[in-house]
Amino acid sequence: MTEILQPGQQYPSGEHADQGTSYGRVRTEGVDTTHGAILYLEEITVSFDGFKALNNLSLDISVGELRCIIGPNGAGKTTMMDVITGKTRPTSGTVFFGQTIDLTKMTEYDIAHVGVGRKFQRPTVFEQHTVFENLELAMKMNKRVKSTLFFKLSSEQKGKIEEILTLIRLNGQERRLAGLLSHGQKQWLEIGMLLMQEPQLLLLDEPVAGMSDAETARTAELLNELRGKHSIVVVEHDMAFVTEIAREGKVTVLHEGSVLAEGTMDKVQNDERVIEVYLGR
């Protein structure tokens, strides 16, 4: 589900409706990343009626990093993302966005507001609107009713939408109703809608679930293009896809709510513990 601001909601001071996104560098305005990390989870525990969905989980994500999170069902991957986005409150521990923003003390809206965007597994787009209109609706701007009634896109804003259309492989489809897109195209459109919000951290939950092989390959290309320009966390079960996007980056393996292993894809694939509990022989 894409985070989109509602009428009457405004952006933090210093954020402007016409601010362009630079796809040549990582945006970290308003977030203290002087130590090189954009996200810290420190000793996070989440208990449900005595069951620990997360058990003293600690990890950090570097600025511009593309981190893959893998693990068996029930490992705590979705709960981890729920904690980061404020949907679930941890029993103990802290989550910091940069050095100073404690996400555990914020609402879901406020977390989206400061630059954390989440895409759920099932795509959620405005099916009765065109592809272009979906991106326009998601654009980071003042959504107050008065400004919306009299709003006209500037050439810069149109250019930004065209740039995103090309990036998500939907240029030439802008007049098509979103409901007529294939499953994979809807996934790309929702990623585009998140990018229109100019997030500094993208959380993607199983982005290639249900895709064809060709769509999966194109999604890998898209995420590789975003690498280094956004900080990205991808939760995924498709190991071929993870191998394609992980490259020499870190892969984190969760098991029973904790980090079981971490390192390059080659390293975790050859870890005996990972083979036993997840990959099999």
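1. What percentage of the 281 residues of the chain count as buried? In this predicted model, the share is 52%. The chain has 10 helices and 10 strands. Among contacts between residues at least 6 apart in sequence, 70% join residues at least 24 apart.

2. The sheet to look at is an open one of six strands, with mixed pairing and the order β6-β7-β8-β3-β9-β10. Its edges are β6 (116-119) and β10 (258-263), each of which pairs on one side only. Direction ignored, neighbouring strands of this sheet are turned by 20° against each other on average.

3. At the β10 end of the order, β9 (residues 251-255) and β10 run antiparallel and are joined by five bridges.

4. Helix α6 (residues 183-196) touches β6 and β7 (201-205), and its direction makes about 170° with that of β6. Helix α10 (residues 272-279) touches β3 (66-70), β9 and β10, and its direction makes about 120° with that of β10.

5. How do α6 and helix α7 (residues 213-226) lie relative to each other? Two packed helices are described by the angle between their axes and the distance between the axes. Here the axes come within 10 Å and cross at roughly 15°. Angles under 35 degrees count as roughly parallel, so α6 is roughly parallel to α7. The crossing of α6 and α7 is right-handed.

6. Which residues make the contact between α6 and α7? From α6 come Gly184, Gln185, Trp188, Ile191 and Leu195, and from α7 come Glu215, Arg218, Thr219, Leu222 and Leu226. Sorted by class, this contact has five nonpolar, three polar and two charged residues.

7. A separate item is the pair formed by β1 (residues 37-48) and β2 (residues 51-62). The strands β1 and β2 run antiparallel, with eight bridges joining them. In this pair, Leu39 has Ile61 of β2 as its bridge partner. The pair forms a hairpin with two residues between the strands.

Technical notes:
Residues numbered from 1 in each chain as written. Predicted model: local features only at pLDDT ≥ 70, side-chain atom pairs only at ≥ 80, totals over all residues. Heavy atoms only, no water. Pairing = 2+ DSSP bridges. Helix = DSSP H or I, 4+ residues; strand = E, 2+ residues; numbered from the N terminus. Axes fitted to C-alpha atoms, helices over the stretch in contact; angles between N-to-C directions. Contact = heavy atoms within 4.5 Å. Parallel < 35°, antiparallel > 145°, perpendicular 65-115°, else oblique. Left-handed = near helix turned anticlockwise from the far one by under 90°. Nonpolar A, V, L, I, M, F, W, Y, C, P; charged D, E, K, R; others polar. Buried < 20%, exposed > 50% of the residue type's maximum accessible area, 1.4 Å probe, protein only.
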